[in-house]
Amino acid sequence: AAGIRIESMGLLFDLLRELGVPEACLLREFSGNKGYHTWVFLNQPTPVNAVQEFLRELQVRIPVLHPAVGDKGKLEFYPFTTSIYQERECGHLVKLPWALHRKSRKYSFFCDATGVALPDQVAGLRDVMTWEIPAQYVVAGEAYVPLDKPKTGRRRSSSKVELITPT
């Protein structure tokens, strides 16, 4: 699957703002290879089901409002599972900012709307604000359908929308 272009990242940011996420709570990250990541920072630990409900709405709206962004296979949403596998002590791993990409041997970095590295990477992370998922996404006591898993096998690049909560 081809990676999302930086131009499409602007459309994704527009949609996130339409869903109530302030731009000050969003960071763009070049993956170190071909894709980009969007980081959304949450203000408190949030049940995974609430995060997934929000991401599910995002998944539904993207192809309708912005077909260029929503092509199947171009976006991955994390977290996409609701539990930790018994054979593993942790859930699915997320590549941290400034990490070395195994394939390209390039480091990821926070960037602006044009894909250019932010001049002060630490300030970009330090100055980001946090957001609270609206109560409408918190569904108590229901069975949850996992989000579409990323396709397995060889991938050329990917883009992710990751919601991060403090621990």
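**Reading the fold and its cores**

Of the 167 residues of this protein, 42% count as buried. The model is predicted.

Biologist: In what order do the elements run from the N terminus on?

Modeller: Start with the parts list: the protein has 3 helices and 5 strands. From the N terminus on, the order is α-β-β-α-β-β-α-β.

Biologist: Which element gives the most residues to the largest nonpolar core?

Modeller: That core holds 24 residues. Leu16, Val21, Val40, Phe54, Leu58, Trp131 and Ile133 touch the most other members. Helix H1 (6-18), strand S1 (26-30), strand S2 (36-41) and helix H2 (48-65) each give two or more residues. The top contributor, with 6 residues, is H1.

Biologist: Is Cys25 buried or exposed?

Modeller: Buried means under 20% relative accessible area. Cys25 has 2% relative accessibility, so Cys25 counts as buried.

Biologist: And Cys111, buried or exposed?

Modeller: The cut-off is again under 20%. Cys111 comes to 4% relative accessibility and therefore counts as buried.

Biologist: How many disulfides does the count give?

Modeller: A disulfide needs two cysteine sulfur atoms within 2.5 Å. By this rule, the count is 0.

Key: Residues numbered from 1 in each chain as written. Predicted model: local features only at pLDDT ≥ 70, side-chain atom pairs only at ≥ 80, totals over all residues. Heavy atoms only, no water. Helix = DSSP H or I, 4+ residues; strand = E, 2+ residues; numbered from the N terminus. Buried < 20%, exposed > 50% of the residue type's maximum accessible area, 1.4 Å probe, protein only. Core = buried A, V, L, I, M, F, W, Y, C linked by side-chain atoms within 4.5 Å.
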